[in-house]
Amino acid sequence: MKKVEAIIQPSRFELVKTALAEIGVEGMTVTDVRGHGRQKGHTEVYRGREYTVDLLPKIKIEMVLPDHLVDSAVQTILKAAKTGKIGDGKVFLSNVDEAIRIRNEDRGDNAL
Amino acid sequence: MSWRRSGAFCFLAGLLGSLCCFVLPVHAQTGGPQGASPAPPAAVSSPPPADRIAQLEQQIAEARSSGDNAWMLVSSALVLLMTGPGLALFYGGLVRKKNVLATMMQSFALMVLITVLWALVGYSLCFHAGNPFLGGPGYAALRGVGPLPDADYAASIPQQTFMVFQLMFAIITPALITGAFAERMKFSAMVAFMALWSFLVYDPMAHMVWGKGGLLNATLGGRVPTLDFAGGTVVHITSGVSALVCALYLGKRLGYPRAPMPPHSVVLSFAGACLLWVGWFGFNAGSALTAGSLATSAFVATHFSAAAGALGWSAAEWLRNGKPSALGAISGAVAGLVAITPASGFVGPMSALTIGLVAGLLCYWMVARVKARFGYDDSLDAFGVHGAGGTIGALLTGVFATQAINPIFKDAQGHAVAVGLLDGNARQVWNQFLGVTVAWVLSAVGTLIILKVVDLAIGLRVPEEAEIQGLDVSQHGEEGYNLEA
């Protein structure tokens, strides 16, 4: 099993979530995050004082998937999240040693 | 028990004890007629016309008084609303999240503290006859302040109404100062400072301008008649200048000016500013002390100046930064409201627009340019808006005040004479300048003395770790937002 971690534009989130549901992805954890890669921030002015804001709001989606779903999940995310501009985000894949369902202590792919 | 707790216990016991002493005798004295107007006497067969006319005249006076009193009670409520939650929200939104409750608590604590001090002795020190600088103790514990009017101040409303209206001014004035030392002042030190400040600065200033025989009173025997309709000198200059002294004495916040400290919620500040604008109608139009056309004139002048102030600040920002901000617009409105405060019952609507516009531009310059150049940390711009706005407003009052709006000066025959510069009385501008100077000097010197005393006694600033942790947790054991709960 693999962990799929995607950091995407907040405005693309609903599309990504719907598309993943359509290919059978049933579980995910979603967090509001801030960050940047190469995308530039902006300045705000309060009562004459300037503040540079270079951490931009993004959404992070984390999923642990059985190996056979990983490729189609990644393709789905890429297709739904892409706008073509800088700031679209990234997808990271890593190996997961074990998954355990808390309710009944199922392990492995059965827990996903 | 620790020293601090036993001290607080003794203070509370003493307060309860002294209140008991006052409650019993006062009850006997102010048992006056209950209710606004006694029931009209039952008509017998047909009373003689002269009696009937006298009855009707009394009922007319009572009806007029009833209208005035209704307006004055509403005004009093509006002015209190300006402090809580108006100013609390306005200031609360401007500070960092970790200090939001502490900031709001400062305003609220003053609603509590000043009320008690006012009842015990504050009202007397302001409004009882005394010497030109301070009132006497005759109204201590509000003895004699009941349903009968005091004709020198407001002939158609109970003196108790006048007292409670003035109380709301005494509350908001020190609350304005809290903007200067936001995010770094100890709560205990603030309470001690404000109690002393009310006696040493506010009460003398209010007495001088508005009290019988006050040095600066324009109508009740002042040697230097200073026109101040609703508190440009008494409220805004005293608080603004005191704020500057506090900011300089306490020093800058840790990390200022390099570390970013943007407002944590301009939304809260926006809500507060709108409450201030609406509440200000009570502040200025209520200072007419009647519900007649002078109140209307002051109401209109207030509103126009707020709009012009917002316009001026926003225009300056738009030109300088390319975008007009919400924070700038509401700050401009407040600047306009501050400046019109002394002028509100003396000037016409077009003058009000002018005063507001000037204040919006001047205060923008003070906050966005002058503060940065001199480097002082007047955190929430109490001096930049209230000190500067109050000063320019008080001076412009001498220019624009006119007998056409308020024939306040009369000659020996009782005819109205010129009021301000536009009327032809240039001397009034000089008198305004003198009054402004008295306010500046009293505030600066008084504040410096009190700061030194409180600093020596208990220290003014929170320790570094407490300032970094935030005052909500370190001073009050609370957090403003527990949104994950």
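Biologist: Leaving aside its neighbours within four places in sequence, with which residues is Ala140(B) in contact?

Modeller: In this predicted model, Ala140(B) lies in the loop between H3 and helix H4 (159–177) of chain B. Once neighbours within four places in sequence are set aside, the contacts of Ala140(B) are Leu120(B), Val121(B) and Ser124(B).

Biologist: Does Ala140(B) count as buried, partly exposed or exposed, and why?

Modeller: A residue is buried with 20 or more other C-beta atoms within 10 Å, and exposed with 12 or fewer. Ala140(B) has 17 C-beta neighbours inside 10 Å, so this residue counts as partly exposed.

Biologist: How are helix H2 (residues 49–94) of chain B and helix H3 (residues 100–127) of chain B oriented, roughly parallel or roughly antiparallel?

Modeller: The two axes come within 9 Å and cross at roughly 155 degrees. Angles over 145 degrees count as roughly antiparallel. The arrangement of H2(B) and H3(B) is therefore roughly antiparallel.

Biologist: How do the residues of the contact of H2(B) with H3(B) divide by class?

Modeller: H2(B) contributes residues including Leu87(B), Ala88(B) and Tyr91(B), while H3(B) contributes, among them, Met104(B), Phe108(B) and Met111(B). By class, the residues of this contact are seven nonpolar, five polar and no charged.

Biologist: Which element gives the largest share of the side of chain A that touches chain B?

Modeller: Six residues of chain A are in contact with twelve residues of chain B. The chain A side has three nonpolar, one polar and two charged residues. Its largest share, three residues, comes from strand E3 (residues 42–46) of chain A.

Definitions and conventions. Residues are numbered from 1 along each chain as its sequence is written. Chains are lettered from A and ligands numbered from 1 in the order in which they are written. This is a predicted model: local features need pLDDT of at least 70, side-chain atom pairs count only at pLDDT 80 or more; totals for chains, interfaces and linings use all residues. Axes are lines fitted to C-alpha atoms, for helices over the stretch in contact, and angles run from 0 to 180 degrees between N-to-C directions. Helices (H or I, at least four residues) and strands (E, at least two) are DSSP runs, numbered from the N terminus. Angles under 35 degrees count as roughly parallel, over 145 as roughly antiparallel, 65 to 115 as roughly perpendicular and the rest as oblique. Two residues are in contact if their C-beta atoms, placed from the backbone, lie within 7 Å. Ala, Val, Leu, Ile, Met, Phe, Trp, Tyr, Cys and Pro count as nonpolar, Asp, Glu, Lys and Arg as charged, and the others, Gly among them, as polar.
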